[in-house]
Amino acid sequence: MPVVVATVKTKPGRRADVLAAFRRHTPAVHAEPGCLLYAVHSGEDRVTVIENWADQASLDAHSAGPALEAIGAEIAEALAAPVDVAVLQPVPAGEPGKDRLPQT
């Protein structure tokens, strides 16, 4: 089950705009088939999204879908750098149950 960590570095004063775009479009992402987790977090100069998808096909559909396209269009002018997207797989380590997201 793919896990995605996407980090959006924002221009000064634009974090609220980026968060507003995610708030508008996250319900549509949550409704996409295979979405197990799509959680938006923010820091001083960035917004980070942690995602978990049921399978690669679901992630591929999301990546080409209208919700992500809408988010990208709305935040483009607020970016301080290109979005950093990492697609990851869980690595068992340590205590079982604490070593991965609950859905994986």
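**Notes on the salt bridges and the sheet**

1. Let's start with a pair of side chains: Asp 17 and Arg 14 meet in a salt bridge, with 2.6 Å from N to O. Keep in mind that this is a predicted model. Asp 17 comes out as partly exposed, at 38% relative accessibility, and Arg 14 is partly exposed too, at 26%.

2. How many salt bridges does a search of the whole structure find? The count is six.

3. Lys 9 and Asp 45 form a salt bridge through their side chains, at 3.6 Å from N to O. Lys 9 sits in strand β1 (residues 3-9), while Asp 45 is in the loop between β2 (35-43) and β3 (46-53), so this pair ties together parts that are 36 residues apart in sequence.

4. Lys 98 has a relative accessible area of 66%, so it counts as exposed, the cut-off being over 50%. Elsewhere, salt bridges with shared partners link Lys 9, Asp 45 and Arg 46 into one network.

5. Now the sheet. Four strands make up an open sheet, in the order β2-β3-β1-β4, and the pairing is antiparallel. Which strands are at the edges? Those are β2 and β4 (84-88), each of which pairs on one side only. From one strand to the next, the twist averages 15 degrees.

6. Look for Cys 35, whose bridge partner in β3 is Trp 53.

7. Two helices go with the sheet. Helix α1 (residues 15-30) lies across β1, β2 and β3, and runs at about 170 degrees to β2. Helix α2 (residues 56-63) packs on the sheet and touches β1, β2, β3 and β4. The direction of α2 makes about 140 degrees with that of β3.

8. A handy way to tie these points together on screen is to start from Lys 9 in β1 and its partner Asp 45 in the loop between β2 and β3. From there, follow the strand order β2-β3-β1-β4 across the sheet, then find helix α1 lying across β1, β2 and β3.

How values were computed: Residues are numbered from 1 along each chain as its sequence is written. This is a predicted model: local features need pLDDT of at least 70, side-chain atom pairs count only at pLDDT 80 or more; totals for chains, interfaces and linings use all residues. Side-chain values use heavy atoms; hydrogens and water are left out. A salt bridge is a side-chain nitrogen of Lys or Arg within 4 Å of a carboxyl oxygen of Asp or Glu. Buried means under 20% relative accessible area, exposed over 50%, partly exposed in between (1.4 Å probe, protein chains only). Two strands pair if DSSP finds at least two bridges between them. Axes are lines fitted to C-alpha atoms, for helices over the stretch in contact, and angles run from 0 to 180 degrees between N-to-C directions. Contact means heavy atoms within 4.5 Å.
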